[in-house]
Amino acid sequence: MAGDVNHDYHLVDPSPWPAVGSLAAFLVTFGAVFAMKPEAELFGVAGGTFGFWSLGLGFMLLLYTFFAWWKDVIVEGEHKGDHTPVVQIGLRYGMILFIASEVMFFVAWFWAFFDAAMFPKHHFADAFQVFEMYNTEAAWPPVGVETFDPWHLPFMNTLILLLSGTTVTWAHHAIVEGNREGTKKALWCTVLLGALFTCVQVYEYMHASFAFSGNIYGATFFMATGFHGFHVLVGTIFLAVCLGRLYKGHFKPDHHFGFEAAAWYWHFVDVVWLFLFLGVYIIYG
């Protein structure tokens with residue numbers, strides 16, 4: 001019959017969310033530029049004020065786009081049956097490419113940190129002129145910077161993330177076996193461990209003896225560990241949403257890519273932290 005679907009691919013319905021998301025991203029970018037240039041003026045309005053409102057509006061619109069668009073995707077997969085095995089393969093490829101892009105994102109921050117650590121004289125040419133006059137080499141970490149003890153809070157956070165990796169694997173095995181109660185318990189453990197990691201990192205930042213500005217060590221340290229902390233927060237929310245969906249009856253032993261994507265992302269976050277702990281805290285800390 002005309003109109004019958006005779007293929008395994010999903011031809012998506014017209015959706016407003018790509019356009020709305022693009023507008024939100026524009027407002028966020030536009031607002032951020034003016035927020036960083038408060039002395040500027042636009043249409044008679046101070047740049048700082050305009051930037052603040054544009055940034056806030058864009059960010060709220062972006063969050064709403066995330067919620068509404070992903071809700072539509074869930075409906076397509078859970079209720080309309082659009083996520084056929086072929087479509088699920090495409091979703092897996094998409095998640096793999098996303099994680100690969102995230103790997104390169106962190107490569108940039110690792111590169112910045114290690115370059116400054118291995119060649120500190122190059123980065124401190126101006127700051128260390130007075131030291132070089134007395135034949136004193138530039139040091140890493142910079143003179144006066146008291147770094148964290150890697151075997152205190154950083155090691156605690158390492159254990160927390162490694163444990164969370166085991167609980168999310170437990171949840172994955174439980175859902176494959178059709179054990180929904182076991183999956184709920186394991187996901188609760190993972191979400192709580194993710195939240196605990198964030199709390200410990202916030203406490204660590206509050207007791208840092210160095211700031212983001214003032215030296216290259218603080219800048220590269222907080223960018224690398226801070227972006228990782230942001231990814232942990234996103235991953236925790238990702239898993240919390242999966243937990244909520246689990247209570248709504250979503251996910252089957254043979255159809256649970258939404259959870260699987262969250263588990264992949266969480267393992268990626270675990271691996272990045274191991275490199276951070278080894279390189280940033282132990283070797284060059």
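Predicted model: local features only at pLDDT ≥ 70, side-chain atom pairs only at ≥ 80, totals over all residues.
Helices (H or I, at least four residues) and strands (E, at least two) are DSSP runs, numbered from the N terminus. Residues are numbered from 1 along each chain as its sequence is written, and side-chain values use heavy atoms, with hydrogens and water left out.

Next, colour by accessibility, where buried means under 20% relative accessible area, exposed over 50%, and partly exposed in between (1.4 Å probe, protein chains only). Buried residues account for 38% of the 285 residues in the chain.

**Helix H8 and its ends**

Select residues 216–247, which make up helix H8; its 32 residues reach 47 Å from the first C-alpha to the last, close to the 46 Å expected at 1.5 Å a residue, the expected span being 1.5 Å times one less than the number of residues. Within H8, stop at histidine 231, which counts as buried because its relative accessibility is 4%. The side chain of histidine 231 makes a polar contact of 2.2 Å with that of glutamate 102; such a contact is a pair of N or O atoms within 3.5 Å, where within protein one must be able to donate a hydrogen and the other to accept it, and residues adjacent in sequence count only if both atoms are side-chain atoms.

Just after H8, glycine 249 takes a positive phi of about 95°. Move on to phenylalanine 251, in the loop between H8 and H9, which has a positive phi of about 75° although it is not a glycine. Most residues other than glycine have a negative phi. Phenylalanine 251 is also buried, at 3% relative accessibility.

**Salt bridges**

Now show the charged side chains, taking a salt bridge as a side-chain nitrogen of Lys or Arg within 4 Å of a carboxyl oxygen of Asp or Glu; the whole structure holds five. Which residues are linked in a network of salt bridges? Select Glu78, Arg245 and Lys252. Arginine 245 and glutamate 78 meet at 3.2 Å, N to O. Because arginine 245 lies in helix H8 and glutamate 78 in helix H2 (residues 47–78), this pair ties together parts that are 167 residues apart in sequence. Both arginine 245 and glutamate 78 are buried.

Glutamate 78 also forms a salt bridge with lysine 252, with the closest N and O atoms 3.8 Å apart. This second pair links helix H2 to the loop between H8 and H9, 174 residues apart. Lysine 252 counts as partly exposed, at 39% relative accessibility.

For another pair, select glutamate 181 and lysine 184, whose side chains meet in a salt bridge of 3.4 Å, N to O. They are three residues apart in helix H7 (residues 180–206) and therefore separated by about one helical turn.

**Annotated spans**

UniProt, in an unreviewed entry, places the feature "transmembrane region" at several spans, including residues 90–114 and 186–203; its positions are given in the numbering used here, feature names are shortened, and annotations may be inferred rather than shown by experiment. Residues 90–114 are 100% helix and 0% strand, with end C-alpha atoms 36 Å apart. Residues 186–203 are likewise 100% helix and 0% strand, with end C-alpha atoms 26 Å apart.
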